[in-house]
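Hello,

Here is the structure I promised to pass on to you. Please have a look at it first, and then read my notes below.

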Amino acid sequence: MTTKVIVVGGGLAGLMSAIKIAESGHKVDLFSLVPCKRSHSVCAQGGINAAVNTKGEGDSTWEHFDDTIYGGDFLANQPPVKNMIEAAPSIIYLMDRMGVTFNRTTEGFIDVRRLGGAKYSRTVFAGATTGQQLIYALDEQVRRYEDAGLVRRYEEWEFLSIVQDDEGRCRGIVVQDLKNLEVQVFPADAVIMATGGLGMIFGRSTNSTINTGSAAAGLYQQGAIYANGEFIQVHPSAIPGRDKLRLMSESIRGEGGRVWVYKDGKPWYFLEEWYPAYGNMVPRDIATRAIFKVCVDMKLGVDGENKVYLDISHLDPKEINRKLAGVVDIYEKFVGDDPRKVPMQTFPAVHYSMGGLWVDYDQMTNIPGLFAAGECEYQYHGANRLGGNSLVAAIYAGMVAGPKAIAYAEGLSKRSEDLPPSLFEAAKTREEKQNAAIFKMEGKENPYKLHQELGEWMLENVTVVRYNDRLKATDEKIQELIERYHNIGVGNGAPWGNQIVPFTRRLWPMLHLARVITLGALHRNESRGAHYKPDFPERDDENWLKTTKAGFTPDGPSFSYEPVDTAYIKPRQRRYDVAKEVTMANV
Amino acid sequence: MSKKITFIIKRCDNPQAVAYWEEFKVPYFPKMNVVAALMEIQKNPVNAKGEATTPVAWECNCLEEVCGACTMIINGTARQACSALVDNLAQPIRLAPLTKFPLVRDLVVDRQVMFSNLRKVKAWIDIDGTYDMGPGPKISQNVQEAAYELSKCMTCGCCMEACPNVNSKSKFIGPAAIAQVDLVNSHPTGAFRKEARLEALMGEGGIADCGNAQNCAKACPKEIPLTRSIAKLNRETSAYALKKLFGK
């Protein structure tokens with residue numbers, strides 16, 4: 001009896017899952033919307049965190065763990081975070097052995113730098129394109145297993161839904177080939193979802209265009225629990241653009257970049273003034289709110305617009321080239337100014353979803369046999385993610401999910417090959433019908449315009465500063481969009497190479513996930529990490545030290561709450577104007 | 001009336017169909033790039049004659065020139081549509097698909113061959129396993145910096161498009177895959193299987209098919225020194241061939 005596992009998603013989490021499965025001698029089918037090398041992981045710039053203590057500052061995995069829990073405002077369940085942090089140094093060494101071109105110290109060790117929310121230099125990096133370098137290394141390892149006949153890649157195929165048996169177990173997936181939109185069904189004993197983030201729900205963000213969240217959202221509609229949806233990270237620095245908000249890495253501040261605006265005719269370094277202990281190295285939620293305060297409330301943005309200076313013009317251009325070239329190039333190409341000479345102008349942008357599919361400590365969702373890893377799940381960042389922790393979380397989750405999926409599959413009394421073919425045929429027919437129905441849509445609404453409207457509302461009302469009346473109005477708007485969805489027209493293009501039909505398909509679950517995010521925020525009457533309500537400015541542990549769990553019903557999401565596992569560190573007040581107090585394991 | 005930018009786009013419904021050019025007028029905005037213009041056409045698929053048409057199909061993803069997806073021919077040159085700013089382009093702006101790869105639809109082509117070529121040359125490091133075995137070898141800053149230059153290749157296909165020796169009649173794997181051999185062979189552990197990769201480069205469609213036109217390095221959006229890698233591997237494959245002939 002052979003065990004068959006499917007991995008959906010070709011970013012860091014998906015590739016690592018596939019490598020783990022293939023390494024144990026099992027076969028894996030790997031599905032990706034784009035060639036894996038073009039996955040959104042390539043956009044990660046600043047680096048990957050691990051307490052390797054190269055600079056002799058006395059860093060330790062405990063400090064990294066405490067920074068992560070504290071930075072996440074105590075919302076993350078602590079045991080899996082602790083395991084991840086402890087594995088982080090070995091993950092760096094593994095990537096090093098795979099040939100990732102990490103920057104080096106004079107002696108040839110792996111170099112480290114600082115990112116926000118940390119007092120130590122623990123971010124390992126490859127120029128300012130660390131994500132790209134990591135994914136290329138994993139992609140090559142997968143290619144090696146492809147060569148050995150263990151991995152089969154399906155690139156430019158889209159996940160549509162899972163197949164569930166009578167017991168509710170996940171038994172395979174239904175996918176479509178994006179070239180001809182033909183639907184196919186693939187049985188499997190376990191499925192790992194590694195489908196990334198959802199920035200496109202906010203219209204424009206730092207995310208790639210494939211980051212629609214629709215795979216996770218579709219699973220939510222199929223019965224998977226979605227957790228902490230309301231926690232959306234808005235990164236402090238991006239270049240505003242009509243098509244995309246291009247990220248300007250936190251490593252710019254890590255290497256000495258300073259944020260300022262003019263006040264009374266003089267540069268005002270407001271982060272350094274307000275947060276003397278961390279200065280420009282405060283975590284993202286803190287920096288973003290400060291920039292909003294300066295631009296929106298105090299009207300001190302550059303040229304009266306929503307922009308602040310991000311300044312590296314005082315740094316040594318040689319060091320900039322060695323450590324920040326990738327991002328400086330992006331700024332030069334898209335804005336035209338040279339950041340070595342002229343301060344950059346940036347503004348916050350939606351960047352990362354801390355929330356995602358609910359998973360247990362084995363990365364399994366509430367649907368047996370369905371696992372999730374990477375940004376599409378909720379487990380490692382609490383209410384706010386620290387810079388440099390996403391890459392380690394994606395790789396680590398893949399390292400857990402792969403072996404756990406195999407263990408689950410091997411424990412099954414019946415393999416998917418023992419199930420009646422009609423189960424799979426029915427799932428395929430269901431999706432073919434769905435596609436046929438979309439092809440027949442000939443209303444007046446343009447799906448791209450509907451998406452734009454969704455994004456404008458979400459960006460305006462469900463990001464940095466949240467008010468209950470506006471959240472309610474946004475949910476009503478989303479419901480209006482859900483109504484108007486039925487009046488979409490897709491033109492009369494043929495299936496071959498058609499892009500509007502798959503886009504229209506993705507938009508439906510996106511609208512429903514937008515409700516989860518918005519209503520989750522509405523219900524949570526407190527401020528914690530990235531979730532901030534001026535009417536409820538304090539963290540409220542008594543009522544809200546809880547994971548939000550949203551389940552789909554035809555009438556909208558139904559919410560329940562689960563206590564947070566604080567096994568190691570007792571929640572304490574989170575502040576960055578003074579140094580963080582020292583903690584020790586309370587075991 | 002607000003300023004409009006004219007785009008003349010080569011369209012083709014499928015590989016068997018006849019291609020045609022269609023003109024679009026897109027309202028201008030500051031810092032507009034080609035991708036943003038194509039997005040506007042999606043939202044309003046009407047051509048310059050005012051006729052309703054199908055939205056133009058094209059590929060894109062990261063929109064910041066690190067994923068390589070949105071490569072197309074813009075005013076005669078292969079480059080990424082995201083970093084092609086309208087202000088810097090002669091108008092009307094002509095968009096066409098890459099010609100060295102099988103066409104899918106409109107501006108979309110199938111570049112799988114580039115990934116297959118990476119497999120042919122075994123562009124990976126053969127690690128023992130993913131279990132914890134401590135760090136890899138120490139590497140000097142100079143070696144890291146040279147490797148980083150090569151490792152930025154995003155498999156976009158600009159070098160393939162520019163190379164006269166990559167064409168429908170040849171099996172030449174092209175400059176990108178050769179540079180990746182240089183990258184892996186320059187790594188201390190990668191070097192252990194150096195000869196297997198040299199063998200691959202000496203096979204059909206290998207490095208001997210390079211005609212030394214030197215277009216590739218100029219075409220690379222990441223300024224990867226492709227010709228330097230090719231020259232180096234030319235020497236190494238020759239030396240290896242001699243060694244095989246006489247050294248046994």
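Let me start inside a sheet of chain A: A:V7 has A:I192 in β10(A) as its bridge partner. Please keep in mind that this is a predicted model.

That pair belongs to a parallel arrangement in which strand β1 (residues 4-8) of chain A is joined to β10(A) by four bridges. β10(A) also pairs with strand β19 (residues 370-372) of chain A, again in parallel, through three bridges. There, A:L370 in β19(A) is the residue opposite A:V191. What covers do the two faces of strand β10 (residues 190-193) of chain A have, buried or exposed residues? Both faces are covered: A:A190 and A:I192 are buried on one side, and A:V191 and A:M193 are buried on the other.

Strand β11 (residues 226-227) of chain A runs antiparallel to β18(A), and two bridges hold the pairing. In one of these, A:A227 has A:G356 in β18(A) as its bridge partner.

Now to a loop residue in chain A. A:P283 lies in the loop between α7 (270-274) and α8 (284-297) of chain A. Is A:P283 buried or exposed? Its relative accessibility is 1%, so A:P283 counts as buried, the cut-off for that being under 20%. Leaving aside residues up to four places away in sequence, A:P283 touches A:G116, A:G117, A:N384, A:L386, A:R574 and A:Y576. A:P283 also has its C-alpha 8.3 Å from that of A:L115, although 168 residues separate the two in sequence.

For chain A as a whole, the secondary structure consists of 15 helices and 21 strands. Taken along the principal axes, the C-alpha atoms of chain A fill a box of roughly 70 × 55 × 50 Å. Of its 587 residues, 67% are buried. When contacts in chain A between residues at least 6 apart in sequence are considered, 71% of them join residues at least 24 apart. The accessible surface of chain A is about 19500 Å², with 49% belonging to carbon and sulfur atoms.

On to chain B, which has eight helices and seven strands. Its C-alpha trace spans about 75 × 40 × 30 Å along the principal axes. Buried residues account for 54% of the 248 residues of chain B. Among contacts in chain B between residues at least 6 apart in sequence, the share joining residues at least 24 apart is 62%. Chain B has an accessible surface of about 10900 Å², 53% of which belongs to carbon and sulfur atoms. It has 31 positive and 24 negative side chains, with the centres of the two sets 3 Å apart.

How many residues of helix α5 (residues 175-185) of chain B are buried? The count is 11 of its 11 residues, including B:P175, B:I178, B:D182 and B:N185. The buried residues of α5(B) pack against several helices of chain B, among them α2 (112-120), α3 (141-151) and α8 (226-246).

Finally, some backbone details in the loops of chain B:

- The peptide bond from B:Q91 to B:P92 is cis, with omega near 0°. B:P92 sits in the loop between β4 (77-80) and β5 (93-96) of chain B.
- B:E65 is not a glycine, yet its phi is positive, near 60°. B:E65 is in the loop between α1 (34-43) and β3 (71-74) of chain B, and is buried with a relative accessible area of 5%.
- B:T155, also not a glycine, has a positive phi of about 50°. B:T155 is in the loop between α3 and α4 of chain B and counts as buried at 3% relative accessibility.

Methods: Residues numbered from 1 in each chain as written. Chains lettered and ligands numbered in written order. Predicted model: local features only at pLDDT ≥ 70, side-chain atom pairs only at ≥ 80, totals over all residues. Heavy atoms only, no water. Buried < 20%, exposed > 50% of the residue type's maximum accessible area, 1.4 Å probe, protein only. Contact = heavy atoms within 4.5 Å. Areas by Shrake-Rupley, 256 points an atom, 1.4 Å probe, with all protein chains shown as cover. Pairing = 2+ DSSP bridges. Lys, Arg positive; Asp, Glu negative; His and termini not counted. Charge placed at Lys NZ, Arg CZ, Asp CG, Glu CD.
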